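Reader: Hello! Could you walk me through this model, starting with the whole chain and then moving to the details?

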Amino acid sequence: MTNRTLQRMIHVACRELGIDADTRRDLQFQVVGKASMADMTEAELTAVVKALEARGFKKVATKGKRPAARRADTRFAHVLWGKLASAGAVDVPGAKGLNGFVRARFEKHWGSVPIDIDALQNHEQINDVVEALKQMCRRAGIAL
């Protein structure tokens, strides 16, 4: 694996385990003697991943397929986006297009948006996205 892939895996593991950035850096320092992932070799990054696995992180091989969103409301947003894509109503299908839509449509209104819709936790924000997608479906003549 590349260093960047391992760094991403470490960030995902920390998010799933509820480890904040300071605690992650402390863990990295304990495991390999370096607090910054940028200074680590591939072997050192792998050692940090193994330490996170020992704390309960489980790697999931997606083989190109994105896992389903954890929340039902964000899964529904993905379903609506998929219907719009199937109907040809959107230019970029899939999660990449949906995330771009959320950024373009809501960033000014919310002040900031996460890189990925699946990271949204605020039910009101997710509801805003779902309602906007429902309106797009209605305009495109897609049955809900």
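Reader: How many helices and strands are there in the protein chain?

Author: Happy to start there. This is a predicted model, in which local features need pLDDT of at least 70 and side-chain atom pairs count only at pLDDT 80 or more, while totals for chains, interfaces and linings use all residues. Residues are numbered from 1 along each chain as its sequence is written, and side-chain values use heavy atoms, with hydrogens and water left out. Taking helices (H or I, at least four residues) and strands (E, at least two) as DSSP runs numbered from the N terminus, the protein chain has six helices and zero strands.

Reader: Why is the protein chain described as more spread out than a compact globule?

Author: The globule rule is 2.2 Å times the number of residues to the power 0.38, and the radius of gyration is taken over C-alpha atoms. For 144 residues that rule gives 15 Å, so the protein chain is more spread out than a compact globule, with a radius of gyration of 19 Å.

Reader: What box do the C-alpha atoms of the protein chain fill?

Author: The box is taken along the principal axes. Its dimensions are roughly 60 × 30 × 25 Å.

Reader: Is Glu44 buried or exposed?

Author: Glu44 sits in helix α3, which covers residues 42–54. Buried means under 20% relative accessible area, exposed over 50%, and partly exposed in between (1.4 Å probe, protein chains only). At a relative accessible area of 18%, Glu44 is therefore buried.

Reader: Which side chain does Glu44 join in a polar contact?

Author: Leaving aside residues up to four places away in sequence, Glu44 touches Val32, Lys34 and Asp39, where contact means heavy atoms within 4.5 Å. A polar contact is a pair of N or O atoms within 3.5 Å; within protein, one must be able to donate a hydrogen and the other to accept it, and residues adjacent in sequence count only if both atoms are side-chain atoms. At 3.0 Å, the partner of the Glu44 side chain is that of Lys34.

Reader: Which helices do the buried residues of α5 pack against?

Author: Those buried residues include Leu98, Phe101 and Trp110. Their packing partners are α4 (72–86) and α6 (123–140).
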